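Here is a briefing on one predicted model. Please keep the sequence and the 3D view side by side while reading.

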Amino acid sequence: MKEELIDQLLQYFMNENPEYQKMKIPNDEEKKRDFLRGLINLRDPEPIPDDILVLEDRLLEIERWEKGVVSAYDLPEVEDNISLYLGDITTIKADAIVNAGNSYGLGCFNPTHRCIDNTIHTYAGIRLRLECKKKLKGRTLDNGEILVCKGYNLPCSYIITTVGPQITRDVTFKDEDDLSKCYENSLKYAISHHFKSIVFPCISTGLYGYPIKKAKLVAYNTVKRILKNRDIKVVFVVYSHEDYQEYEQLFPKKNEDV
């Protein structure tokens, strides 16, 4: 069933762009899926037939079942209303997850990138990019600004895209302020809309070059400042053991209890 859906979607996207018809489709199912992911990530947010969106929904539903779903509320707390999770942000059921995007706000168009922006758009589905385009109306996002869209094929209800600073030199006070606004604006939006949970990745680290030792402090201090006397669950999600160890240092009490 899964491979049949991949084949049908590949046929559509290969026919949609004459340039793709020169490319050779892999035989292996996993490589085919990766190839499809690349084609979709390259695609501009233009109208698409509903039946193709339905096929994509079916494929992503199967993959959501394969990966499993983790509830934000089931994750143990390292502090009051704060959890730390090592894993895939696209598997977390919550009111909102935060996407570390770019200023265009339409996802990453580089098919080889394994960035969080690409991952979230891949597993939310094409509708996410279409909604982003509709809401942005041609404008770009400033650092710290947010764009809120539906979760579509993800287990979260909403996706909050925000843009963190890119670091090519020493971190400045403005960089710290811009990064802080990503967390502040996202969390304040969640609180004002009565969300009960929100999940944050390590914004601006990785490809954007913000040192995680500094980024984690901005993330933690901003969230703690906004979180006072608020009834909302915050999850910091990391994707590598190295990042998890960095974040663990923010919670000495948790380490003492182990």
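## Briefing

T90 counts as buried, because its relative accessibility is 4%; buried means under 20% relative accessible area, exposed over 50%, and partly exposed in between, with a 1.4 Å probe and protein chains only. The model is predicted: local features need pLDDT of at least 70, side-chain atom pairs count only at pLDDT 80 or more, and totals for chains, interfaces and linings use all residues. Residues are numbered from 1 along each chain as its sequence is written, and side-chain values use heavy atoms, with hydrogens and water left out.

**Around T90**

- T90 is in the loop between β3 (82-86) and β4 (92-93). Helices (H or I, at least four residues) and strands (E, at least two) are DSSP runs, numbered from the N terminus.
- The T90 side chain makes a polar contact with the side chain of D88 at 2.7 Å. Another polar contact joins the T90 side chain to that of K67, at 2.9 Å.
- A polar contact is a pair of N or O atoms within 3.5 Å; within protein, one must be able to donate a hydrogen and the other to accept it, and residues adjacent in sequence count only if both atoms are side-chain atoms.
- Leaving aside residues up to four places away in sequence, T90 touches K67, T119, I120, Y123, L154 and P155. Contact means heavy atoms within 4.5 Å.
- The charged end of K67 sits over the ring of Y123, 3.6 Å from the ring centre. For this term, NZ of Lys or CZ of Arg must be within 6 Å of the ring centre and within 35 degrees of the ring normal.
- R129 also places its charged end over a ring, that of F109, 3.8 Å from the centre.

- Strand β9 (residues 233-238) is largely enclosed by the rest of the structure, because six of its six residues are buried.
- Both faces of β9 are covered. K233, V235 and V237 are buried on one side, and V234, F236 and V238 on the other.
- In a regular strand, side chains alternate between the two faces of the sheet.
- β3 and β9 run parallel and are joined by five bridges. Two strands pair if DSSP finds at least two bridges between them.
- Y85 stands opposite V237 in β9.
- Strand β8 (residues 197-200) pairs with β9 in the parallel sense, over four bridges. F200 has F236 of β9 as its bridge partner.
- From β8 the chain crosses through α7 to β9, in a right-handed β-α-β crossover. Right-handed means that, with the strands pointing away from the viewer, the path from the first strand over the helix to the second runs clockwise.

- Y220 lies in helix α7 (residues 212-227). Y220 is buried, with a relative accessible area of 14%.
- Y220 and F236 are 16 residues apart in sequence, and their C-alpha atoms are 9.0 Å apart in space.
- Not counting residues up to four places away in sequence, Y220 touches E79, I82, F236, L250 and F251.

**Aromatic pairs**

- Rings of Phe, Tyr and Trp (its six-membered ring) pair if their centres lie within 6.5 Å; planes under 30 degrees apart count as stacked, over 60 as edge-to-face and the rest as tilted. By this rule there are seven aromatic pairs.
- Y12 and F13 form an edge-to-face pair, 5.2 Å centre to centre with 85 degrees between the planes. Y12 is partly exposed at 22% relative accessible area, whereas F13 is buried at 1%.
- Y220 and F251 are edge-to-face, because their ring centres are 5.6 Å apart and their planes stand at 85 degrees. This pair links distant parts of the chain: Y220 in helix α7 and F251 in the loop between α8 (241-248) and α9 (252-257), 31 residues apart. Both Y220 and F251 are buried.
- Ring pairs link Y183, F200, F236 and Y247 into a cluster.

**D175 in helix α6**

- D175 lies in helix α6 (residues 173-192). D175 is buried at 5% relative accessibility.
- A polar atom of the D175 side chain lies 2.9 Å from the backbone nitrogen of T172.

**Positive phi**

- Most residues other than glycine have a negative phi.
- K137 is not a glycine, yet has a positive phi of about 55 degrees. K137 is in the loop between α5 (126-136) and β6 (146-150), and is exposed at 74% relative accessibility.
- H194, also a residue other than glycine, has a positive phi near 60 degrees. H194 lies in the loop between α6 and β8, and is exposed at 68%.
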